[in-house]
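This briefing is for a reader who is new to the structure. Please look over the sequence and the model before reading the points below.

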Amino acid sequence: MPSTSAHKKGPLLPAYLIVGANELKRREAVTRMKGRLEPGLDVFNLDERKANADLTAGEVVTSLNTVPMGTGPRIVLITEAEHLPKPTSEAIITYLQNPNPGCTLCLVSEKLAKNTRLYKAVAKVGPHAIVDCTPKKRWELPDDVIRMGKAHGVQIDRNAAEELVSRSGESTTMLDTQVKTLAALCRATGRVTLADVEQHIARTAEVKPWEFLDAVCDRNATRAISLYQTMQKPSQIALTALLTTRIRELICAKSLDARGVGNTLADALGKQSWQVKNHVRWSRRFAPEDLRQALASCESCDRALKTGSDPDITFVRLVMSVCGV
C-alpha cells in the first residue's frame with residue numbers, strides 16, 4: 001500500500017493483501033483501509049468476514065460484485081486469509097481477472113506463502129497490492145518503541161526502550177499497549193526512563209540466552225545476574241558453552257579492531273553483520289588479558305559443572321569474574 005498521504009489521494013486497487021506477523025502494522029493498515037470508506041455509509045459498504053471452512057465461494061463473490069452505496073468504494077475485508085477454503089480461494093483468483101471497479105478486496109493474513117496462487121493473483125493487481133507486515137528483528141524494535149512513545153506524547157530513553165522489549169517480547173501490539181501505559185504514568189514528566197520501565201512493567205517474555213550473553217559482554221553484572229535468575233530452569237553447562245563461544249568471538253573482534261579492520265568481523269566469523277554489530281564495542285571493555293582470563297574461567301567452570309560442583313554458585317562466580325567484579 002502506498003504511503004498514507006499518497007494512499008489517501010489515489011484510487012484504491014481492486015485488491016490488497018496485508019500479510020506478515022507484525023500485528024500492529026497489520027492493524028494500522030486495516031484502519032487506513034477502513035478510513036477510505038465514505039463517512040456514514042460504512043455500515044453498507046464494509047463487509048468484514050473471517051476466513052473459515054464455512055466461508056463459501058458464492059457468498060464472497062456475491063459480496064465482491066455488490067455495487068457500493070454513495071460515491072465511495074465498497075470494501076470486502078477477509079481476515080485470516082490463509083484459512084480460506086480452496087474453492088473460495090480459487091473463486092477469488094477468478095474474480096480478480098475481472099473485478100468489480102466499485103469494490104476493493106482486502107485480505108489480511110499472518111502468513112500466506114508467496115508461492116500460493118492467491119498471493120500471486122493479488123500481487124498481479126498492482127505494484128502496491130502487497131502490504132508487507134513482516135516483523136522487524138528484535139534489535140530493531142527499540143527504535144519502534146521510541147516512535148510509539150512520540151505518538152503517545154512521551155520521550156522514551158533508549159535504555160528504557162531496550163528494557164521494555166526485553167520484558168514484553170516482540171509483539172508490537174503488546175509493546176504499543178505497554179507504551180500507552182507508561183505514557184499515562186509518565187505524562188507529568190513527558191519522559192519514560194529505565195527506572196519507570198523497571199518499576200511499572202512486569203516481565204512477561206522469557207529471557208533469551210543471547211540477552212544474558214549481551215549483558216555479560218557489556219560487563220553489566222547486575223543485569224546479567226538478574227536475567228540469569230529470571231531464566232526458567234537454565235542449563236549452566238549450555239550457558240557456559242554459549243559464553244565460551246561469545247568470548248572467543250570477542251577475542252577475534254579485539255584482534256581485528258587492533259588492526260583497524262573491525263568492520264570485517266562478520267566475514268571473519270561467517271555471520272550476518274547485525275549478529276555482531278556490538279562485538280567490537282564490547283571487546284573494547286576488556287583488556288586482552290581479561291579476555292584470555294575469561295576464556296580460561298569458562299573452561300574451568302565447565303569442568304567444575306561436569307564434576308558435581310554446585311551449578312548456581314559455580315556459574316554465578318563465572319559471570320561475576322567475566323564482568324570484572
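Is L77 buried or exposed? The model is a predicted one, and in it L77 has a relative accessible area of 1%. Because that value falls under the 20% cut-off, L77 counts as buried.

**L77 and its surroundings**
- Strand β3, which covers residues 74-79, contains L77.
- When neighbours within four places in sequence are left aside, the contacts of L77 are V30, K34, L46, D47, E48, R49, C106 and V108.
- Between L77 and A123 there are 17 Å from C-alpha to C-alpha, and the two are 46 residues apart in sequence.

**Nonpolar cores**
- The largest nonpolar core is made up of 29 residues.
- Within this core, the residues with the most contacts are F212, V216, L243, I247, F315, V319 and V322.
- At least two residues of this core come from each of the helices α11 (209-217), α12 (221-230), α13 (236-258), α16 (288-306) and α17 (311-322).
- The helix that gives the most to this core is α16, with six residues.
- Another core, of 24 residues, lies apart from the largest one, and L17, V60, I92 and L105 are among its members.
- Not counting residues up to four places away in sequence, I247 is in touch with L291, A294, L295, C298 and V322.

**H279**
- H279 belongs to helix α15, which spans residues 279-283.
- With a relative accessible area of 2%, H279 is buried.
- The side chains of H279 and E249 are joined by a polar contact of 2.8 Å.
- E249 is also one of the residues that H279 touches beyond four places in sequence, along with R246, L250, A253 and L265.

**D144**
- D144 is part of helix α7, residues 141-151.
- The relative accessible area of D144 is 12%, so this residue is buried as well.
- A polar contact of 2.2 Å links the side chain of D144 to that of R147.

**Surface patch**
- V43, F44 and M69 make a nonpolar surface patch of about 310 Å².
- Of these residues, F44 lies in helix α3, residues 42-45.
- F44 has a relative accessible area of 46% and is therefore partly exposed.

Key. Residues numbered from 1 in each chain as written. Predicted model: local features only at pLDDT ≥ 70, side-chain atom pairs only at ≥ 80, totals over all residues. Heavy atoms only, no water. Helix = DSSP H or I, 4+ residues; strand = E, 2+ residues; numbered from the N terminus. Buried < 20%, exposed > 50% of the residue type's maximum accessible area, 1.4 Å probe, protein only. Polar contact = N/O pair within 3.5 Å; in protein donor to acceptor, adjacent residues only side chain to side chain. Patch = residues over 30% accessible without salt bridge, like charges linked within 9 Å, V, L, I, M, F, W, Y side chains within 5 Å. Areas by Shrake-Rupley, 256 points an atom, 1.4 Å probe, with all protein chains shown as cover. Salt bridge = Lys/Arg side-chain N within 4 Å of Asp/Glu carboxyl O. Core = buried A, V, L, I, M, F, W, Y, C linked by side-chain atoms within 4.5 Å. Contact = heavy atoms within 4.5 Å.
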